[in-house]
Amino acid sequence: MAKPICRPSPEPDLIGFAFISGLFLSLIHSSHHTQTVGRFVLSPITRQTESGHFAASLSIRSGNGSNTHDRVFRFIPLFPTSQAAAHYALKQGLSYLDQPALPA
């Protein structure tokens, strides 16, 4: 069994672990970067890669309870810091929500 990738986080908010394709990945969720836009909640998620750079993802949630919908986007660019990755993800999410008709 693979060991979790554990590295000190510059942001001590919430650290989770995901098991994907036989590997454990450390995920850092930055709650102070979470932003609400209308009925949508945008939450950037970053993870440190083996090279030491940070990958960015974004969760866009809407709804309540059993009617909650969560769409997660993963982005290709890598960043030198967790904060830069979170900023990029949030900026991409705001651009997505600015579209006149959201893609299905």
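**Stop one: Ser 57**

This is a predicted model. Begin by selecting Ser 57, which sits in strand S5, residues 54–62. Is Ser 57 buried or exposed? Its relative accessible area is 16%, so Ser 57 counts as buried, the cut-off being under 20%.

Now show what surrounds Ser 57. Setting aside neighbours within four places in sequence, Ser 57 is in contact with Ser 43, Pro 44, Ile 45, Phe 73, Arg 74, Phe 75 and Ala 89.

**Stop two: the aromatic rings**

From that list, move to Phe 75, one of the residues in contact with Ser 57. The structure has three aromatic pairs. Select Phe 75 together with Tyr 88: these two form an edge-to-face pair, with 5.6 Å centre to centre and 90° between the planes. This pair joins distant parts of the chain, since Phe 75 lies in strand S6 (residues 69–79) and Tyr 88 in helix H1 (residues 82–97), 13 residues apart.

Phe 75 is buried, at a relative accessible area of 18%, whereas Tyr 88 is partly exposed, at 24% relative accessibility.

**Stop three: confidence**

Finally, colour the chain by pLDDT. The mean pLDDT of the chain is 76, and 66% of its residues reach 70 or more. Select residues 1–26, where the pLDDT is below 50; in the model this stretch has 48 contacts beyond near neighbours in sequence. Where pLDDT is low, predicted coordinates should not be read in detail.

Key
Residues numbered from 1 in each chain as written. Predicted model: local features only at pLDDT ≥ 70, side-chain atom pairs only at ≥ 80, totals over all residues. Heavy atoms only, no water. Helix = DSSP H or I, 4+ residues; strand = E, 2+ residues; numbered from the N terminus. Buried < 20%, exposed > 50% of the residue type's maximum accessible area, 1.4 Å probe, protein only. Contact = heavy atoms within 4.5 Å. Phe/Tyr/Trp six-rings, centres within 6.5 Å; stacked < 30°, edge-to-face > 60°. pLDDT = per-residue confidence, 0-100.
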